[in-house]
Structure formats: C-alpha cells, structure tokens
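Good morning, colleagues. Please look at the sequence and the structure now on the screen, and I shall then take you through the sheet, the helices and the core.

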Amino acid sequence: MIVYSHRFSGVLQQMVLELGLDMVLSDDTSPVSLADNEAMLADVANGLGIELKKVAAANGSVLFKFQRRA
C-alpha cells in the first residue's frame, strides 16, 4: 500500500502546523506496515518543516510521531 503524499501533506499541514497538534500514526491494527512508507512520510515531513520520530512499540508495531519543530 502506498500512501498518497499530496493528501497526507494536507492533513499534516492542517493538524500539526495550523492547529499545533501532535499527530501519531500506528500500524497496530493494519495488515500493512507503515515502515513500507517510511521514506515518503519522512519526505513529506521534511518538506513541511515538521519533525518526525519513529518509535517501535512493544507489540512489534511501528509508530510515527509528527510534531512542530522547535
């Protein structure tokens, strides 16, 4: 599965930059790993000036946290 970066960038821009919220994506209940889209997620975050942190959860899932850069 490939995430559409133009749609995702609009969501990130509104939630993180305009509203000032942190956003966390998890693949805990998904049949597809977010790690498959890691390069695209990092490119979109960098392009918008958003900090991206990847965290491996205890249950083996992957979490990506997006937040405003300080």
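Contact, in this talk, means heavy atoms within 4.5 Å. The model is a predicted one, in which local features need pLDDT of at least 70 and side-chain atom pairs count only at pLDDT 80 or more, while totals for chains, interfaces and linings use all residues. Residues are numbered from 1 along each chain as its sequence is written, and side-chain values use heavy atoms, with hydrogens and water left out.

I begin with Phe66. Leaving aside neighbours within four places in sequence, Phe66 is in contact with Phe8, Leu12, Val16, Leu21, Asp22, Met23, Leu25, Leu41, Ala45, Ile50, Glu51 and Leu52. Its relative accessibility is 0%, so Phe66 counts as buried, the term meaning under 20% relative accessible area with a 1.4 Å probe and protein chains only.

Next, the sheet. Helices (H or I, at least four residues) and strands (E, at least two) are DSSP runs, numbered from the N terminus. Two strands pair if DSSP finds at least two bridges between them. The sheet is open, with 3 strands in the order S1-S3-S2 and antiparallel pairing. S1 and S2 stand at the edges with a single partner strand each, and therefore one side of each lacks a neighbour in the sheet. From one strand to the next, the twist averages 20 degrees; axes here are lines fitted to C-alpha atoms, for helices over the stretch in contact, and angles run from 0 to 180 degrees between N-to-C directions.

Strand S1, residues 23-26, pairs with S3, residues 62-68, over 4 bridges. In that pairing, Val24 stands opposite Lys65 and Ser26 stands opposite Leu63. Strand S2, residues 50-56, pairs with S3 over 7 bridges, and there Lys53 stands opposite Lys65.

What lies between S2 and S3 in their hairpin? There are 5 residues between the strands, and Gly60 takes a positive phi near 95 degrees. Ser61 also lies in this loop. Ser61 is buried, with a relative accessible area of 8%. The side chains of Ser61 and Asn59 are joined by a polar contact of 2.8 Å, that is, a pair of N or O atoms within 3.5 Å; within protein, one must be able to donate a hydrogen and the other to accept it, and residues adjacent in sequence count only if both atoms are side-chain atoms. Not counting residues up to four places away in sequence, Ser61 touches Ser26, Asp27, Asp28, Val55 and Ala56.

I turn to the helices. Helix H2, residues 38-48, lies across S1, S2 and S3 and runs at about 150 degrees to S2.

Which residues touch the most other members of the largest nonpolar core? Among its 13 residues, they are Phe8, Leu12 and Phe66. Such a core is a set of buried Ala, Val, Leu, Ile, Met, Phe, Trp, Tyr and Cys residues joined through side-chain atoms within 4.5 Å. H1, H2 and S3 are the elements that give two or more residues to this core, and H2 gives the most, with 4 residues.

Finally, Phe8 is buried at a relative accessible area of 10%.

Terms used: Buried < 20%, exposed > 50% of the residue type's maximum accessible area, 1.4 Å probe, protein only.
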